[in-house]
Amino acid sequence: MQGLSLLVQEGLKRDPNGGDLFVFRGRSGSLVKILWHDGVGLSLYAKRLERGRFVWPSAKDGVVALTHTDLACLLDGIDWRNPQRTWRPEAVG
């Protein structure tokens, strides 16, 4: 969390403790991390897709503003350019 928080502060020149959500994608595209400060402490959410990749918007200047609907589609693995689930597991294990 400290590394991502420092990246927000130094790389994006934003306040990581300001309450905004900062979403990062891993190199392979199957991992996403969300960093935010809820007023009490810094929180980190991580999600890895079992299959497929997160559809990622192109970022100018390293920053993209997402609506709550865009973020929900992103976290569900749905391509908001063509809203369909990319894959759904049939069974556990």
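1. The largest pocket holds about 500 Å³ of space. A pocket here is an open set of points on a 1 Å grid over the protein atoms alone, where a 1.4 Å probe fits, with protein on both sides within 12 Å along at least five of seven lines. Its volume is the space filled by probe spheres set on the points, which are joined across faces, edges and corners.

2. This is a predicted model: local features need pLDDT of at least 70, side-chain atom pairs count only at pLDDT 80 or more, and totals for chains, interfaces and linings use all residues. Residues are numbered from 1 along each chain as its sequence is written, and side-chain values use heavy atoms, without hydrogens and water.

3. What lines the largest pocket? There are 19 lining residues, and Leu21, Phe22, Val23, Val63 and Val64 lie nearest the centre. A lining residue has an atom within 4 Å of a point. Of the lining, 14 residues are nonpolar, three polar and two charged. Nonpolar covers Ala, Val, Leu, Ile, Met, Phe, Trp, Tyr, Cys and Pro; charged covers Asp, Glu, Lys and Arg; the others, Gly among them, are polar. Strand β1 gives the largest share, three residues.

4. Look at β1 (residues 22-25) next. Buried means under 20% relative accessible area, exposed over 50%, and partly exposed in between (1.4 Å probe, protein chains only). Strands (E, at least two residues) and helices (H or I, at least four) are DSSP runs, numbered from the N terminus.

5. β1 runs antiparallel to β2 (residues 31-37), and four bridges join them. Two strands pair if DSSP finds at least two bridges between them. Phe24 has Lys33 as its bridge partner in β2. The two strands form a hairpin with five residues between them, and Gly29 in the turn has a positive phi of about 90°.

6. Which residues make up the largest nonpolar core? The seven are Val32, Ile34, Leu49, Phe54, Leu71, Leu74 and Leu75. α2 gives the most to this core, three residues. A second, separate core of five residues includes Leu4, Val8, Phe22 and Phe24. Such a core is a set of buried Ala, Val, Leu, Ile, Met, Phe, Trp, Tyr and Cys residues joined through side-chain atoms within 4.5 Å.

7. Asn17 sits in the loop between α1 (2-11) and β1. Its relative accessible area is 44%, so Asn17 is partly exposed.
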